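Here is a structure to read by question and answer. Look at the sequence and the model before going on.

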Amino acid sequence: MSRVEVATVTTLVAVDPATAFDVFTGEIGEWWKSGPRYRFDPEKGGSLRFEPGVGGRLVEVHEPRTGQGFEVGRVLVWEPGARLVFEFRGRDFAPGERTEVEVRFEAEGKRTRLTLEHRGWESVAPGRPARHGYTGQAFADMIGLWWADLLVALRARAGR
Amino acid sequence: MTSARALDSTLAALADPTRRRAVDLLRQRPRRPGELAAALAVSPPVISRHLRVLRHQGLVEEERSDPRDSRVRVYRLRREPFTDLRAWLDQVEAFWAEQLGAFKAHAERRSRGKRS
């Protein structure tokens, strides 16, 4: 049974766990959906990049030459082929507010079962309804924009 | 209460790890305070404090399980506050399902390219 406050999504990918991890982290700039609606800062655009290892940053790069941009969060766990945990902040989060994304990579035959958990919403919301509305308005906007357009959910959710 | 505010107070009540675990246990079935205290390894005063917060935020309700004895109480989860939380998590999950779909397509395309 998944916990009540955690968003969980899983998918099965036809590559081995080591490759899945490397592509997930090393090529996030290529697979993360393109277009302003998937950007943390829709006006600046840019692509996502992981700095490898614990303490590395996940950045939406706005200046390709300098690597400057919006820091989404830091890497908390970096276990190639197995587990990745990183912070995930919206643009309007207050200092200290952060959610957490954990991705597990498990072999399932020749494929990889990838399980992603997004948690920590309770660290963002309390006591600030007026400022936030929903937790992290920019993030809500980002996902809300395409949510409205979404015709078919691709999700295969873990049993609750 | 707007649903955003309802979501906020639900999340606020869940910000405490002991309360989160209590809620997870109550999702399975209603329980007595003593049962929760034992399962969570906290003292009776501590669990009653947490249950008071959960009741104030409308996440749980208490009921008397034995009509002959008003001291026997069980706590059960209320469904309504979790509807907003679930709606929010559904959006988050749909967002990631979309991203993981893109990831899967990219990873498999790339590995096919390598083999050929």
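This is a predicted model: local features need pLDDT of at least 70, side-chain atom pairs count only at pLDDT 80 or more; totals for chains, interfaces and linings use all residues.

Reader: Which pattern does chain A follow along the sequence?
Author: Chain A has 4 helices and 7 strands. Both are DSSP runs, numbered from the N terminus: helices are H or I with at least four residues, strands E with at least two. Read along the sequence, the pattern is β-α-α-β-β-β-β-β-β-α-α.

Reader: What percentage of the residues of chain A count as buried?
Author: A residue is buried if 20 or more other C-beta atoms lie within 10 Å of its own, exposed if 12 or fewer, and partly exposed in between; C-beta atoms are placed from the backbone. Chain A has 160 residues. The buried share is 31%.

Reader: Is Glu27(A) buried or partly exposed?
Author: Glu27(A) sits in the loop between α1 (17-26) and α2 (28-31) of chain A. Within 10 Å there are 17 other C-beta atoms, so Glu27(A) is partly exposed.

Reader: Which residues touch the most other members of the largest nonpolar core?
Author: A nonpolar core is a set of buried Ala, Val, Leu, Ile, Met, Phe, Trp, Tyr and Cys residues joined through C-beta atoms within 7 Å. The largest one has 50 residues, and the two that touch the most other members are Ala20(A) and Trp96(B).

Reader: Which element gives this core its largest share?
Author: In soluble globular proteins, nonpolar side chains tend to be buried together. Here the largest share of the core is 11 residues, and they come from α5(B).

Reader: Is Phe95(B) buried or exposed?
Author: Phe95(B) lies in helix α5 (residues 80-115) of chain B. There are 23 other C-beta atoms within 10 Å, so Phe95(B) is buried.

Reader: How do α3(B) and α4(B) lie to each other, roughly parallel or roughly perpendicular?
Author: Helix α3 covers residues 33-40 of chain B and helix α4 residues 44-56; their axes are 9 Å apart, at an angle of about 110°. Axes are lines fitted to C-alpha atoms, for helices over the stretch in contact, and angles run from 0 to 180 degrees between N-to-C directions. Angles under 35 degrees count as roughly parallel, over 145 as roughly antiparallel, 65 to 115 as roughly perpendicular and the rest as oblique. Therefore α3(B) and α4(B) are roughly perpendicular.

Reader: Which residues of α4(B) does α3(B) meet?
Author: Two residues are in contact if their C-beta atoms, placed from the backbone, lie within 7 Å. From α3(B) come Pro33(B), Gly34(B), Leu36(B), Ala37(B) and Leu40(B). In α4(B) they meet Pro44(B), Ile47(B), Ser48(B) and Leu51(B).

Reader: How do α2(B) and α3(B) lie to each other?
Author: Helix α2 of chain B spans residues 17-28. Its axis is 11 Å from that of α3(B), at an angle of about 120°. Therefore α2(B) and α3(B) are oblique.

Reader: Is Ala41(B) buried or exposed?
Author: Ala41(B) is in the loop between α3 and α4 of chain B. Its phi is positive, about 55°, although Ala41(B) is not a glycine. With 9 other C-beta atoms within 10 Å, Ala41(B) is exposed.

Terms used: Residues are numbered from 1 along each chain as its sequence is written. Chains are lettered from A and ligands numbered from 1 in the order in which they are written.
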